[in-house]
Amino acid sequence: MLKVNNIDVFYGNIHALKDVSIEVKESEIVTLIGANGAGKSTLLKTLSGLLKPKSGTISYLSQQINGKQAQSIVKSGISHVPEGRRVFSNMTVEENLELGAYLRKDRDSIKKDIANVYELFPILGERRKQQSGTLSGGEQQMLAMGRALMAKPKLLLLDEPSMGLAPLIVKQIFEIIQMVNQQGTTVLLVEQNANMALSIADRAYVIETGKIVLSGTAKELQESEQVKAAYLGAL
Amino acid sequence: MEWIQQLVNGISVGSIYALIALGYTMVYGIIKLINFAHGDVFMLGAFIGFFAITRWDVGFLPALIISMVLCAIIGVIIERVAYKRLRSATRIAALITAIGVSFLIEYTMIFFRGASPEAYPEVLPNTSIDIFGVSISSKSILILVVTIILMILLQFIVHKTKIGKAMRAVSLDADAARLMGINVDNTISATFAIGSALAGAAGVIFGAYYTRIEPLMGVLPGLKAFIAAVLGGIGNIPGAMVGGLVLGVVETVVSAFGFSLWRDAAAFIILILILILKPSGLFGKNTREKV
Ligand SMILES: Nc1ncnc2c1ncn2[C@@H]1O[C@H](COP(=O)(O)OP(=O)(O)OP(=O)(O)O)[C@@H](O)[C@H]1O
Ligand SMILES: [Mg+2]
C-alpha cells in the first residue's frame, strides 16, 4: 500500500532521515519505534506532505506522492494524527471533528460519522460543545484520533498516541487502534512505548538517528536481544 | 440631550474604525503580520466608491458593494505579490514590506490623480430623526445599521461557514490545518479578501459621512484602527469591534469637552496606556507568542 524508497530529509543542513525505506501493506499495523530525536515524527510529516524529501520516492497505492501538497495527500486517504494531538484548542470538540471532514462533501454521512466517533469515544460525545483546549490529555488524544478518522482514511498515521497518558488510557487507546484496524484501516504507528506497540503490531521497524537499523515481524523484534536491551529493558 | 447626539457621532466614527480594525486583526491572527497597507486599501475603497457614484451614477449601496468586491481583489493581489513569499521570513522583513506597500499605494494614487481632495457626493439622506425627543442625523443611523449588518455577516462567515472554520483553524495551528486537508494559501487569501472588503466598505462609509476624501486619508484612520485592534486584543475579532467603538466614543467625548485639538492624541494615549497596562488588549488572552 505504502512504499518509502530511500528517502533523505533535511531541516536546513540537519540530515534527519538517511536513506530510509519502509513498507506498509494493506490492513497491517506497522510500528516504527525509536528514541527521542530518532526521526520518527519527521518520517510521518514527510509521508503526510508537511515536509518534502530531498531524494527518494514515496509511493502510495501505486502513485508517487512525494512532493505533493498535504491537502492532496489527505484527499488520497492518508490521515496523520500529529505528535502532541494538536487539536484546535479554541474550537469545540464537534468543530474539530467537522474540520477532520474538511475535504468531504457528503453532509449526511459526515453527521453519521460524527455519531460513530462519539460511539467509539463516548466521552467526546459528552463534551461535544466543550472547547477542546480544556479537555484532558487522554480526551485530546481521542479527539485527535476521531478527527483523523473523520477523513475516512485508508491509512492512518499515529504519532506517539500514548505520550503522557496513564497506562489505563493507553490500553484503551491501543484497543481502539486495533478496532479501527479491524474495520479496514491500515495503521502506521510511531511509538516510544515499544512494548505496547509491538504487542498490537504485525511488523515493526526500529529507527536510530535517522536510519532504519532493524526490521521484522513484531514477534521477531520482541524477541530480539538488541531491541530488548535498547527499548524493552527499561519497561 | 446634546450628549446623546455626541454618543451617536462617536459610535459612527467608531464603527468606521471597527470595520478597518477587523482587517488588521484578522490578518494578524492568521499570519502574524501587521498589514500597514490596510489603511490604504480603505482609501482605495473610498475612491472606488466615489468613481462608482460619480461615473456610473449608482447609489450608496451598489457603490458599497462594488468597492467591497474590488478591495477584496486588491487585498488578495497585495498578499500574493508582496507577502506570500515572506511567510518564512523574519517578522521585521514582512513589516517593512507592508510599510513599503503602503507608500507604494499612496504615491501611485497621487502620481495618477494628484493629491487634491475630492468631494463625495451626497448619497445618504441627510435629515434629522427624532428619537425620544433627541434629534439624530439619519446618516449616523444608516452607517450604524450598515456596520452592524456587516459585522453580523462576518461573525456568520467566521463561525458557521467552512471557509470561516478553516480561517480559525489556520490561525490556531497552520500545520494541523494542513493535515485536515485545508489549503492554507487559499485560506490566507480569503482572510485578506474579507478584511480588505470590510476596509473598502469603511472607505465608502467614510466618504459618505465626511464627504471629503484624498489619497493620504488612510494614514490616520489606519493607525487608529490599528490602535483599536490592539485595544481589543490583536487577533481577536469581537475585540476589534469593541476597540473601534470605544476609540470612536472616546475621541468624540474628548472633542465634546472642548479639547478637539487633543482628539488625535487621545488615540495614541490609549495605545500607550494599553501597552503599559494590558499589552494583550481588553479581550486578548495572556498567552505567550507561539515560536
Ligand atoms: N523543525 C526542525 N528544525 C530543525 N531540526 C529539527 C526540526 N524538527 C526536528 N528536528 C531534528 O530532527 C531530528 C528528528 O526529529 P523528530 O522530531 O523526527 O524525532 P522523533 O523521533 O519524533 O523524536 P520524539 O520521540 O522526541 O518525538 C532531531 O534531531 C530534531 O532535533
Ligand atoms: Mg516525535
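**Chains A and B: a working chat**

Mentor: In this predicted model, A:Leu2 has A:Val24 as its bridge partner in S2 of chain A.

Trainee: How many bridges join S1(A) to S2(A), and how do the strands run?

Mentor: Strand S1, residues 2-11 of chain A, is joined to S2(A) by 7 bridges, and they run antiparallel.

Trainee: What is the order of the strands in the open sheet of chain A?

Mentor: The order is S2-S1-S4-S5, with 4 strands and antiparallel pairing. At the edges are strand S2 (14-24) and strand S5 (63-64) of chain A, each of which pairs on one side only.

Trainee: Which strands does helix H1 of chain A lie across?

Mentor: Helix H1, residues 40-47 of chain A, lies across S1, S2 and strand S4 (55-60) of that chain. The helix runs at about 115° to S1(A).

Trainee: Turning to chain B, which residues does UniProt list for "transmembrane region"?

Mentor: The unreviewed UniProt entry lists residues 6-26, 59-78, 90-112, 132-158, 188-210 and 265-284 of chain B.

Trainee: Is the span 6-26 of chain B helix or strand?

Mentor: Residues 6-26 of chain B are 100% helix and 0% strand, with the end C-alpha atoms 30 Å apart. Residues 188-210 of chain B are also 100% helix and 0% strand, and their end C-alpha atoms lie 32 Å apart.

Trainee: Which residues make the nonpolar surface patch?

Mentor: The patch covers about 1,200 Å², and its residues include B:Phe257, B:Trp262, B:Ile269 and B:Leu273. B:Leu273 sits in helix H11 of chain B.

Trainee: How many residues of the patch come from helix H11?

Mentor: Helix H11, residues 263-277 of chain B, contributes 5 residues, the largest share.

How values were computed
Residues numbered from 1 in each chain as written. Chains lettered and ligands numbered in written order. Predicted model: local features only at pLDDT ≥ 70, side-chain atom pairs only at ≥ 80, totals over all residues. Heavy atoms only, no water. UniProt positions renumbered as here; feature names shortened; annotations may be inferred. Helix = DSSP H or I, 4+ residues; strand = E, 2+ residues; numbered from the N terminus. Pairing = 2+ DSSP bridges. Contact = heavy atoms within 4.5 Å. Axes fitted to C-alpha atoms, helices over the stretch in contact; angles between N-to-C directions. Patch = residues over 30% accessible without salt bridge, like charges linked within 9 Å, V, L, I, M, F, W, Y side chains within 5 Å. Areas by Shrake-Rupley, 256 points an atom, 1.4 Å probe, with all protein chains shown as cover. Salt bridge = Lys/Arg side-chain N within 4 Å of Asp/Glu carboxyl O.
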